[in-house]
Every structure is written in structure tokens, then in C-alpha cells.
Amino acid sequence: MTLGIIIQARMGSTRLSGKVLRDISGKPLLAHVLGRLQMLKRPAKIVVATSSAGENDIIETWCLKHGVSCFRGNEADVLDRYFECARSLGMSDIVRLTADNPFTDIEELERLIDLHQKQGYDYTHAFGQLPIGVGAEIFTFEALSRSHREGMLPHHREHVNEYFTDRPELFKIGQLDVPATKISPNLRLTVDTEEDWRRACALATQAGGNWLGTEEAIRLCSSSA
């Protein structure tokens, strides 16, 4: 198995433009996302997948400067971007992350990959229990190929996972159970608005340069509410 981790990133967010390179505690948001992955114990091909739009040249430049692989593809057809990226790099299983989630739970990501591999799922996710922006998803290249071939509705092309969820009868789908101490599905630990960004900055500052665990993030957000 050739494990790949594709981080989708673009500068043109409508709600928080340029957020992927916006500063959080002294480094850009994208650097936080990539930094988390340094804790992953298993080997994986990590690549930032942005679009060919000129506004994203700055993302490619940042990646080249910091030794990060960068793939450029279709701006609107994110499913095609993922498919071409995974195909070109020979990935057999692909973890999908986004560049606006600086607090991905790596411990749960390890468990997610294990579950996916051991149970032979086509698509496996860790959504619905963890805080928003902390979970992840993984799918086989074969499942991605089928989605790319058959998922023709606009939302299938814009969102990589929606053909899986629209047509669950076609795929073997798994969901990761997470510890009770990490269940907080209404807490936003993604960065999509100014309020999200301020929360992420506060959490990163309180962490004091250490990696903030999910339980600690939940506790800090609860105490400041």
C-alpha cells in the first residue's frame, strides 16, 4: 500500500480570503497543518493540492521554499484534482485533509488508517463525534476512481467525499469510534471565519508552542465559553 495524504488548499476562500497562509502564532495556517503530520508514525506521501489559478502561485512558491510537494489541478473540479494528484503519485489509499484545519488529531488519524486497512473499507471517516476540523477521511484509489468516473453532479465534483455519501450502497464504508473525552461535535476547530481564526490563534498561544491535543482544546474552549 502506498499511503498518500493530500491537503487541498487555495487562496480564494469566499469567507476568509487567503486564510491558508494567514498567520497563527507566528507561522501560516498551512504550516500548522503540515507540522501536525510530522507526528504521524507511518510513511506517507504528503502533497498540497492547489489549483492552477494564478492567485495560488503563492501557495506553490511557499511549498517549494519549504520543501513541500505541490500539485496543481482544476480549480472548480476538486474531485478531478484529487484523482489526478493521486494517480500521478501512485497512491493506493488517500487521506484527505484541508488546509484550514490546524488541529487534526494525529492519534485518531493513525487509528483511522488502521481501521481502514484492517477492515478493507473503500471509504472510512472520523466525522460526527470529534470537533469540527479535527477528524479526517481516507479512501482507496479504486473508490476515488469510481467517484471520478460516475459522480457527475456539481456537488460531486466540488466535494471529494459526496459521491461516497450519496451512493453508500456502492462502497464499503467505515466510521471510526472515538474516545468519549474527544466527543464535541459542535465545537469549531476549523478556520473558516474571523471568529474561527481568533479562536485558533488563542488556542495556539495557550499551547505555548506545544502540540495541542483534542481533549485540551475542548477543555480550553469550554473554560473560555
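Which residues of helix H2 (residues 57-65) are buried? They are Ile59, Trp62 and Cys63. Buried means under 20% relative accessible area, exposed over 50%, partly exposed in between (1.4 Å probe, protein chains only).

## Basis

This is a predicted model: local features need pLDDT of at least 70, side-chain atom pairs count only at pLDDT 80 or more, and totals for chains, interfaces and linings use all residues. Residues are numbered from 1 along each chain as its sequence is written, and side-chain values use heavy atoms, with hydrogens and water left out.

## Overall fold

The chain holds nine helices and nine strands. Both are DSSP runs (helices H or I, at least four residues; strands E, at least two), numbered from the N terminus. The radius of gyration, taken over C-alpha atoms, is compared with a globule rule of 2.2 Å times the number of residues to the power 0.38. For 225 residues a compact globule would come near 17 Å, and the chain agrees because its value is 17 Å. Its C-alpha atoms fill a box of roughly 45 × 40 × 30 Å along the principal axes.

Buried residues make up 53% of the 225.

## Helix H2

Ile59, Trp62 and Cys63 cover an arc of only 100° around the axis, which puts them on the same side of H2. The arc is that of the directions from the helix axis to the C-beta atoms. On the other side, Thr61, Leu64 and Lys65 are exposed.

The buried residues of H2 pack against strand S3 (27-28), helix H1 (29-37), strand S4 (45-51) and strand S5 (69-73). Contact means heavy atoms within 4.5 Å. Just after H2, Gly67 takes a positive phi of about 70°.
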